[in-house]
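This briefing concerns the structure shown below.

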Amino acid sequence: MYLLYEEDGGFKAGTIITDNDSSLQVDSQHGKRVKVKAITVMLRFDAPNPTEFMDAAHAVRDDADTDFLWEVAGSEEFGFADLAREYFGHAPTPPEAAGILMRLHEAPMHFYKKGRGRYKPAPPESLAAAKAGVERKKREAEQLAHYVAELTAFRLPPELTDHLDILLYAPDKNRLEWKAVDDAGKATGLTPVKLLDRCGAIPSSHDYHLGAFLREHFPRGTGFGDAHELPDPPTLPLADVRAFSMDDAATTEIDDAFSVTPLDNGNWRVGIHIAVPALGIPPGSALDEIAARRLSTVYYPGGKITMLPDGAIHHYTLGETHTCPALSMYVEVSNGDWKVLSQETRLEQVHIAANLRHETLEAHFHTGSIADDSVDYPFKRELDLLWHFSGALEAARGKTPDPNLPQRPDYNFKVENDRVSITDRARGNPIDRVVSELMIYANSEWGRWLAETDTMALYRTQQNGKVKMSTKPAPHAGLGVAQYTWASSPLRRYVDLVNQRQLVALAQGVAPPYAPKSEVLYIALRDFELAYDAYNDFQRRMERYWCLRWFTQENVTDINAAVIKENLVRLDGLPFVTRVPSLPELPPGSRVNLAVDGVDLFDVELLCTFRQRIDVAPAADEPVTP
């Protein structure tokens, strides 16, 4: 006696050896002894043998038309043998019954399984929908194959053009377009981005990185729409000073300027003048909402995205030859020892005599010219005094740099016509020291004023090595001050604009716009920290990108570097740190020469290999690596 049984989603035939109530011992058609549960037995027969039986059943299955079976079956539940009798018009032979069972089993779209050997025809509407789905999948499979063929040949199918933004920055793994890119990437060994680049889908690697940033942080675009016009600044007292600013040539948001006035008692009055956009951008206004969304100006080599529209910047920037509203801190400084004797804050108008630019000022105002009275240049007397005063402020903070310790340089990036120049700029040069020390002083003292008057504000603190924003005054260990608030860049940072509103209210003797525990300030603090970190990360990434562009632009084939630790090195003359897998074990600080093997502008990585150590001379009998 033989049987047909179900196993692992299919059917098998075998010879019965022993037959128990709940299970049987069976020799399969391939001669293997197996245990078969009685509940899985579909059919028992005495002829033909299992091999012939399965061949005949498969022939019946292949000949049976599924659609015709569905029409014959009607609408009620049935057993497979009953349908076989209806289909053949006679009592079915075992192979005929088995063949119909196999066809039913392999047509779940037409027949729903209801039990052992029992099925129910699918409703017409369900069958129609299922067939449409099958047809759709077939078309999609053909379309997918076409896309993959084009992509692996490095041609971009026109149908993918409208989906590039999603494919590059927010891939949906369920979409056909992504599946095609993913499959083609695996076939070519390329990442999706590099594959699309090979297909000409990315205008430039720079646009790719900028696009990723804009999509995440500026989903509404970088335009300002119909920003409201600003009211004219209020009439304020005119200060009797000649102020000047110090910024690089590309700066349009000039937040700060300085003045130096001799006093009758022989001392000096130093003025720190800050632009006052708070006078024209009240909380909750259209421009305030724009600034609160952007939170800061974004800087990157060759471009920037301003926090405020050009009209607002033009209204309040401390532009040359203009008389501008300013929040001014005046500091009386003793002559000779440069000590602070008194200070006060005023809201006033200030005439800006000049916007001095770093590019020209650095050639005149440097440590050599300060001591040389024979050298003359604009605002020399004022700059000399500010140099000495800034040194006294630096010493008072306990932050005077050790001249014996090397200073890591800062770097300037200039991008013009898709070419980059990268120049180093020593930290602590006179311009930087004057501006930074006066800004630290003003922000620290304004922070103290806000704290002493219990006026809510946003502070910058550093304790235990961690820098963070806070609504409570606390020391900034890195700067060496008891409290520090950002209020000197209100055209460029939203935190500064918020704090300036509080300071302006104190200067005017009115209630500050933000009450203690203001929810608006807590939200601004949280959002600003996240945005500021993201903007700085983007700037660093784009500086790293332009360093790589410099390598290709200048055809650099080797470069020197200093070992930081393990295989991590810092390149000479560039703000660039990278890993060198081939670097041997060397002590930190070791100097090495590296071969430049290539650059990856999408992953923003430098590919290089170790050539030789260059800070030690080779022994007389040691060959020098060429």
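**Helix α9**

Helix α9 (residues 205-217) has 13 residues, which at 1.5 Å a residue should span 18 Å; the end C-alpha atoms are 19 Å apart, so the two values agree. The expected span is 1.5 Å times one less than the number of residues. The model is predicted: local features need pLDDT of at least 70, side-chain atom pairs count only at pLDDT 80 or more, and totals for chains, interfaces and linings use all residues. Residues are numbered from 1 along each chain as its sequence is written, and side-chain values use heavy atoms, with hydrogens and water left out. Helices (H or I, at least four residues) and strands (E, at least two) are DSSP runs, numbered from the N terminus.

- In α9, Ser-205, His-206, Tyr-208, His-209, Leu-210, Gly-211 and Phe-213 are buried, where buried means under 20% relative accessible area, exposed over 50% and partly exposed in between (1.4 Å probe, protein chains only).
- The cover over these buried residues of α9 includes α6 (164-169), α8 (192-198), β12 (298-300), β13 (303-305) and α17 (519-553); contact here means heavy atoms within 4.5 Å.

**Helix packing**

- Two packed helices are described by the angle between their axes and the distance between the axes. Axes are lines fitted to C-alpha atoms, for helices over the stretch in contact, and angles run from 0 to 180 degrees between N-to-C directions.
- Angles under 35 degrees count as roughly parallel, over 145 as roughly antiparallel, 65 to 115 as roughly perpendicular and the rest as oblique.
- Helix α3 (residues 80-88) packs against helix α4 (residues 94-105) at about 110 degrees, with the axes 9 Å apart, and α3 is therefore roughly perpendicular to α4.
- On the α3 side, Phe-80, Leu-83, Ala-84, Tyr-87 and Phe-88 meet Glu-96, Ala-97, Ile-100, Leu-101 and Leu-104 of α4. This contact comprises nine nonpolar residues, no polar and one charged, where Ala, Val, Leu, Ile, Met, Phe, Trp, Tyr, Cys and Pro count as nonpolar, Asp, Glu, Lys and Arg as charged, and the others, Gly among them, as polar.
- The axes of helix α1 (residues 50-63) and α4 come within 7 Å and cross at roughly 50 degrees, so α1 is oblique to α4.
- The crossing of α1 and α4 is right-handed; a crossing is left-handed if the near helix is turned anticlockwise from the far one by less than a right angle, and right-handed if clockwise.
- By class, the contact of α1 with α4 has ten nonpolar, two polar and four charged residues.
- Helix α14 (residues 380-396) and helix α15 (residues 430-452) have axes that come within 9 Å and cross at roughly 55 degrees; they are therefore oblique to each other, and their crossing is left-handed.
- The residues that make the contact include Trp-387 and Phe-389 of α14 and Arg-433 and Tyr-441 of α15.

**Local backbone features**

- A cis peptide bond, with omega about -5 degrees, joins Ala-47 and Pro-48. Pro-48 is located in the loop between β5 (41-45) and α1.
- Phe-154, in the loop between α5 (124-152) and α6, has a positive phi near 60 degrees without being a glycine. Phe-154 counts as partly exposed, at 27% relative accessibility.
- Phe-379, in the loop between α13 (367-370) and α14, has a positive phi of about 60 degrees although it is not a glycine. Phe-379 counts as buried, at 11% relative accessibility.
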